[in-house]
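Please walk through the structure below one region at a time.

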Amino acid sequence: MKYMNLGNTGIEVSQIAFGTWGIGGGIVWPDMALDAGHVRALLKEAKDLGINYIDTAPVYGTSMSEKLLGEALKGQREDFVLQTKCSLNWRGDGGNYHYSRDGVTVNNDTSARAVKQDVEDSLLRLQTDYIDSVVVHYVCKSWPVEETMGALQDLIKEGKIRAIALSNSQPEDLAEYEKYGHVAAVQEFFSLLSPFHGYDYFENCRRYGTTFQVYGALEEGFLTDPAFVDKEFPAGDVRGKLPWIHEPIKSAIHTLFDETLTPLCEKYQCSYANLIEAWTLKQYPDLNLLVGFRRAETMRDTVKCFDIDLSEEDCLLMSEKAAPAQVPVLDK
Ligand SMILES: NC(=O)c1ccc[n+]([C@@H]2O[C@H](COP(=O)([O-])OP(=O)(O)OC[C@H]3O[C@@H](n4cnc5c(N)ncnc54)[C@H](OP(=O)(O)O)[C@@H]3O)[C@@H](O)[C@H]2O)c1
């Protein structure tokens, strides 16, 4: 495993982070029911592989991801850098409508009151007295940044959180937030099929010493297997909402696999996931690769991406051949 600093906080994190949206289940990840025992086994695998950085959020499975992690982390909390999020909540006590799912209405609220309550709620569910990093899940302009950052800085002073991060934000948001304290990381969508937002962001991350944490590099599995685009997903499943299952992008993805990714996997003797991960890691040096896992096998395979010495030429070839399938913006 490779390790890096989380922004300039001095917190050392594995370059591969364990994403736990999927373990929350619910209508968006309906095909695998997990319990705390399973999550404990995943944490053991992570520890064995050197992955110490875990990402969750209150809304993943409407609290289920945090609750399962809280149970599974008992007795080993100190072994991990634990990251959760604030701003999206279903308390019904304010904020802007964000979505309705699994029988609840989720609002986005970056007021000081809401952010502080979010953190208190997460501390309870995660059964811990501190969270290493708290991400503003959806940056919004309805409350002053000074107010949101003020609340997060108070939480740092109180010892309840150690670092602050942003998600679903723009490079200019990072500049604004940095006026009121350090933003250790931005967690943003970035993949071979949708790289433009990341490319726009890298310069500001470099300027502020902020880690660029990628989510969705494997596109929820679509970049792990050419058969994925032909699958049928039940209503509500996050994978059925992505643009990859619709023409003409679907055919463009098949062509990308047939003409470029499959021959490269043969050349490097690796899985599709590893090829995509190696490409992702080459895009920006201070990049943290947040990958979702519900199975130990996929976690074990993923860490092999560090063994691939992807040439500059092949990296450029992948970017060039992916162009017909690319989309500018994604909302997951
Ligand atoms: N800030 C945000 O708004 C936001 C949005 C989306 C996601 N996220 C975070 O980012 C994390 C990652 O995103 P994601 O989980 O949506 O998607 P992802 O990482 O692109 O894909 C996850 C899927 O890829 C599969 N996979 C992983 N490694 C594999 C391998 N080596 N071979 C084959 N399949 C492999 C997993 O399989 P198994 O499930 O079978 O193990 C899982 O189904 C989330 O869990 C969450 O923590 C944040």
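Phenylalanine 202 has a relative accessible area of 6% and is therefore buried. The model in which this value was computed is a predicted one. Tyrosine 199 has 35% relative accessibility, so it counts as partly exposed; the class covers values between 20% and 50%. Both residues belong to helix H6 (residues 196-208), and because they are 3 residues apart there, about one helical turn separates them.

The structure holds 16 aromatic pairs. Another of them joins tryptophan 21 and tryptophan 29, with ring centres 5.7 Å apart; the planes stand at 75°, so this pair too is edge-to-face. The cut-off behind that label is an angle over 60 degrees. Both tryptophan 21 and tryptophan 29 are buried.

Next comes strand S12 (residues 211-215), where glutamine 213 is found. Glutamine 213 counts as buried because its relative accessibility is 1%. What does the side chain of glutamine 213 make a polar contact with? The partner is the side chain of glutamine 83, at 3.0 Å.

The loop between S12 and helix H7 (249-268) contains lysine 231. With 42% relative accessibility, lysine 231 counts as partly exposed.

Most residues other than glycine have a negative phi, and most peptide bonds are trans. Serine 63, which is not a glycine, has a positive phi near 95°. Serine 63 sits in the loop between strand S4 (53-55) and helix H2 (64-72), and its relative accessible area of 7% means that it is buried. Glutamine 127 likewise has a positive phi, about 55°, without being a glycine. Its loop runs between helix H3 (112-126) and S9. Buried or partly exposed: which describes glutamine 127? At 42% relative accessibility, glutamine 127 counts as partly exposed.

Strand S9 (residues 131-136) runs parallel to S10, and 5 bridges join the two. Valine 136 has leucine 166 of S10 as its bridge partner. Strand S10 (residues 161-167) is mostly covered, with 6 of its 7 residues buried.

An open sheet has 3 strands in the order S6-S8-S7, paired antiparallel. Strand S6 (88-89) and strand S7 (96-101) are at the edges and have a single partner strand each, so one side of each has no neighbour in the sheet. S7 is joined to strand S8 (residues 104-108) by 5 bridges, and the two run antiparallel. Opposite tyrosine 99 stands valine 106 in S8.

The last stop is the ligand. It is surrounded by 28 residues, of which Asp55, Glu220, Arg294, Arg295 and Thr298 are the closest. By class, this shell has 12 polar, 10 nonpolar and 6 charged residues. Strand S13 (287-292) and helix H9 (296-302) each supply at least two residues of the shell.

Which atoms of the ligand lie 2.8 Å or 2.6 Å from polar atoms of the protein? A nitrogen atom of the ligand is 2.8 Å from a polar side-chain atom of serine 167. An oxygen atom of the ligand is 2.6 Å from a polar side-chain atom of glutamate 220. At glycine 292 the backbone is involved: one of its N or O atoms lies 2.8 Å from an oxygen atom of the ligand. On its own, the ligand has 910 Å² of accessible area, and the protein covers 94% of that area.

Conventions
Residues numbered from 1 in each chain as written. Predicted model: local features only at pLDDT ≥ 70, side-chain atom pairs only at ≥ 80, totals over all residues. Heavy atoms only, no water. Near = heavy atom within 4 Å. Polar contact = N/O pair within 3.5 Å; in protein donor to acceptor, adjacent residues only side chain to side chain. Areas by Shrake-Rupley, 256 points an atom, 1.4 Å probe, with all protein chains shown as cover. Helix = DSSP H or I, 4+ residues; strand = E, 2+ residues; numbered from the N terminus. Nonpolar A, V, L, I, M, F, W, Y, C, P; charged D, E, K, R; others polar. Pairing = 2+ DSSP bridges. Phe/Tyr/Trp six-rings, centres within 6.5 Å; stacked < 30°, edge-to-face > 60°. Buried < 20%, exposed > 50% of the residue type's maximum accessible area, 1.4 Å probe, protein only.
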